[in-house]
Amino acid sequence: MLEFLRFLPAGTAAMLLELPNLEATITLLDALQTRPVPGVVEIVPAARTLLIRFDAFETDRSALIDAISKIDLSVRSIRQGKLFEIPVVYDGEDLNEVGDLLGWSVDNLIDRHTAATYTVAFTGFAPGFAYMACDDPAFDVPRRKSPRARIPAGAVALGGKFGGIYPSEGPGGWQLLGRTPLKMWDVGRSPAALLAPGDRVQFRNVTSEAAVLSPKEIFGVETVTRKLSAEGLLITRADRPALYQDRGRLKQARQGVSESGALDRKSFIEANLCVGNPRGATVVEIAYGGFALKTDRPVTLALCGATTPATIRTNSGKSVYAPIGQPFALDAGDEVTLEFPPEGTRTYLAIRGGFKVENVLNSAASDTLAKVGPPPISVGDVLVPALEVVSAVDPYLMKSNRLPTADEVVSLDIVLGPRTDWFAAAGVSTLTTQQWQVTQDSSRVGVRLAGEKPIQRSDSAELPSEGTPLGAIQVPHDGQPILFLADHPLTGGYPVIGVVADHHLDLAGQVPIGAKIRFNVIAAFDPSTTETER
């Protein structure tokens, strides 16, 4: 049987594979995980797509397309994971509406929901959120026309042909049937996500949460709480919370976790090199200055990235300027203060020997969207030196590229796709010819842009959720694009019109509020090779 497989560009180091259905998608995913293709870094599955991230130094698109096109999809995968029984209190706000949509009474709806078996197809949207396919084909209900601003953690819901359980509080548009007190996501548990692709779920009707056993009693897992002592560098000012960051969480898509990490990777690495740390050591990312700390011991620090005016006030009362891009020393009682930077947005603070901070999923990065990693750093917190073995400091000035100011127009290279065909020709032209202003709603999740003309879509259908790469330019219904940064969701439901090239991702994270962006299209690969009949 022939399958139709499309290879769509998704930036300079990723591509989106579109398949005809969920069954074919799972079969290809399992094949790629069983027999890995050299150069593939991570795979983000969705209902009918696979987002393939690859190492451009190890492979290229042509080699990947050739290798993937040879995979036989005629023999479908049969998954057999763990079987979980999930207790549910059926008191959801949408029980009656879902019953009406399916032509069932509420009692009949609950009976059929508990009689069905759900299988986890893939994870995404949020850490621990499992998209589950149902063996009862009658369960197919549209998402709500107006999403709710707040859905509680543990909400059991339906969306399209999938079932799911919200692992944390947040917005959402699925139909709510009930709630479970069990934690779908717990970083004190290994693995943190309760459900993994291939696992099966059966729901059990309970009258109250009091009837539910503990996770350890049901599944043999338990939560472990860990604490770290804190003494060292006292935070005396934090106009905005600062964040611990490193290279991020690699290869955690299976648990629905995106990479996160420092927005400006070059400046992050330079700060560590200044003080002799390994390139990937944990640093503190400070947005827009307004930050100060006082040390209780001699330390060597470095600041790289946004050129914030930095002043050292010594224990004796003397004030001197702290350099940017060079190591500097503080004695016990000294305080360093960072003011608002005239260029760029984020400054990286490194300490010789690194910071002592608890890793979550092998990283100390603070993911502001997923709420994974150490909490934000505020006034009164203490940064603890790790005193790790390091190499010699680099006394020479790190000459970083000049960063943009708020009154500049910044040019960012992009690759069109993967969903350019969802937009009118005039819409694509609007993206590339119009200047887009960075709004104050921007964050580590994404740069929210505003333009005089909205981007026009040619397809108003609802796009099934699919993987979104770092740098994706997603276009909501209002036509004002969002440029995804490090804390972006792993999957998204709006079409991506283009993706910022890898060589401009650091710059994208340093464009200040008020500045304007112009997108410059570059080639990804030959369009004639993007579609293959299988």
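A salt bridge is a side-chain nitrogen of Lys or Arg within 4 Å of a carboxyl oxygen of Asp or Glu. The model shown in these views is predicted.

**View 1. Arg237 and Asp239 pair in a salt bridge.** The closest N and O atoms of Arg237 and Asp239 are 3.0 Å apart. That distance falls within 4 Å, so the pair counts as a salt bridge. Arg237 is partly exposed, at 27% relative accessibility. Asp239 is also partly exposed, at 45%. Elsewhere, salt bridges with shared partners build one network. Its members are Arg6, Glu18, Arg419, Asp421 and Glu466. In total, the structure holds 24 salt bridges.

**View 2. A salt bridge joins Glu93 to Arg148.** Here the closest N and O atoms lie 3.5 Å apart. Glu93 sits in the loop between strand 5 (83–89) and helix 3 (95–102), while Arg148 belongs to strand 8 (residues 148–151), so the bridge ties together parts 55 residues apart in sequence. Glu93 counts as exposed, with a relative accessibility of 62%. Arg148 counts as buried, at 13%. The cut-off for buried is under 20%, so Arg148 qualifies. Side chains of opposite charge can pair when their charged atoms come close.

**View 3. Asp136 meets Arg112 in a salt bridge.** The N to O distance between these side chains is 3.1 Å. The pair links distant parts of the chain, 24 residues apart. Asp136 is in the loop between strand 7 (130–134) and strand 8. Arg112 is in helix 4 (residues 106–115). Asp136 is buried, at 14% relative accessibility. Arg112 is partly exposed, with a relative accessible area of 28%.

**View 4. Thr405 makes polar contacts with Asp407 and Glu408.** Thr405 lies in the loop between strand 24 (382–383) and strand 25 (409–416). Its relative accessible area is 15%, and under 20% means buried, so Thr405 is buried. Another polar contact, of 3.2 Å, runs from the side chain of Thr405 to the side chain of Glu408. Leaving aside neighbours within four places in sequence, Thr405 is in contact with Pro342, Glu343, Pro512 and Ala515.

**View 5. A cis peptide bond leads from Ser190 to Pro191.** Omega is near -5° at this bond. Pro191 is found in the loop between strand 12 (175–179) and strand 13 (200–206).

**View 6. Gly417 and Pro418 are joined by a cis peptide bond.** Omega is about 10° here. Pro418 lies in the loop between strand 25 and helix 7 (425–433).

**View 7. Phe125 has a positive phi.** The value is about 70°, although Phe125 is not a glycine. Phe125 lies in the loop between strand 6 (118–123) and strand 7. Its relative accessible area of 35% makes Phe125 partly exposed.

**View 8. Leu361 has a positive phi too.** Phi of Leu361 is near 55°, in a residue other than glycine. Leu361 is part of the loop between strand 23 (346–351) and strand 24. At a relative accessible area of 19%, Leu361 is buried. The cut-off for buried is under 20%, so Leu361 falls on the buried side.

Note on methods:
Residues are numbered from 1 along each chain as its sequence is written. This is a predicted model: local features need pLDDT of at least 70, side-chain atom pairs count only at pLDDT 80 or more; totals for chains, interfaces and linings use all residues. Side-chain values use heavy atoms; hydrogens and water are left out. Helices (H or I, at least four residues) and strands (E, at least two) are DSSP runs, numbered from the N terminus. Buried means under 20% relative accessible area, exposed over 50%, partly exposed in between (1.4 Å probe, protein chains only). A polar contact is a pair of N or O atoms within 3.5 Å; within protein, one must be able to donate a hydrogen and the other to accept it, and residues adjacent in sequence count only if both atoms are side-chain atoms. Contact means heavy atoms within 4.5 Å.
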